[in-house]
Amino acid sequence: MHEAEMGLQKMHNQDLGLILSTEAKPRLKWTPELHRRFVDAVAQLGGAERATPKTLMRVMSIPGLTLYHLKSHLQKYRLGKNQQAESCNDNEQEDSMELEFKESNVGCEHVDEEETTDRTRAQINESMQITQALQMQMEVQQKLQEQIEVQRRLQLRIEAQGKYLQTILRKAHETLSVRHLSPMRLDAAKDEGSPSPPLSE
């Protein structure tokens, strides 16, 4: 990209209020303007349940905005919508028909965003803890597999050495047996009066 194009991209991103951190997976601060564009894109795509991170990325077409940012924000947005709907339904069941209509409209418009954000953070923390626990479990399983493989190889080497030692012992036994029998043959030959066999035997 040329320097002029990069400058334009930075200006465009500043106009939208796109604020990225400098981490490996840059975190994005969702400004009111950026969120408004997100909500407009969701509406264009037929609602939160029909919108996907890829289609949102295409519709919004903001440089620097990634699938990771959109996936996370869409998930939070859906959670907020579901909680809004549940909150509205609870209000409808508790109040009378007239009060219910007024309160549900007012309540739905002014859902406490901090409470929603806290719940979302708690859910994200819980899912991160579960992910970390699963990663640790996978690492432990991998180490166990490696140890089992090392033990298997050691077992094979021990068995091979055992067979080798048995072979050596058998040969040593045979050699000793032959040496032990040779003097007995000499004595037997002398007794029979035959000439003694050559020493090479």
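**Questions about a predicted chain**

The chain of this predicted model has a mean pLDDT (the predictor's confidence in each residue, from 0 to 100) of 75, and 63% of its residues reach 70 or more. Residues are numbered from 1 along each chain as its sequence is written, and side-chain values use heavy atoms, with hydrogens and water left out. Local features need pLDDT of at least 70 and side-chain atom pairs count only at pLDDT 80 or more, whereas totals for chains, interfaces and linings use all residues.

Me: What makes up the secondary structure of the chain, and in which pattern does it run?

Reply: The chain has six helices and two strands, where helices (H or I, at least four residues) and strands (E, at least two) are DSSP runs numbered from the N terminus. Along the sequence they follow the pattern α-β-β-α-α-α-α-α.

Me: Where in the chain is confidence lowest, and where is it highest?

Reply: Confidence is lowest in helix 1 (residues 3–16), with a mean of 47, and highest in helix 2, with 90. Over residues 1–12 pLDDT stays under 50, and for this stretch the model has five contacts (heavy atoms within 4.5 Å) beyond four places in sequence.

Me: How do you know that the length of helix 2 agrees with its number of residues?

Reply: The expected span of a helix is 1.5 Å times one less than its number of residues. For the 13 residues of helix 2 (residues 32–44) this should give 18 Å, and the end C-alpha atoms are 18 Å apart, so the two values agree.

Me: Why is His73 called buried?

Reply: His73, which lies in helix 4 (residues 67–94), has 12% relative accessibility and therefore counts as buried. Leaving aside neighbours within four places in sequence, His73 is in contact with Trp30, His35 and Phe38, and Phe38 is itself among the buried residues of helix 2.

Key:
Buried < 20%, exposed > 50% of the residue type's maximum accessible area, 1.4 Å probe, protein only.
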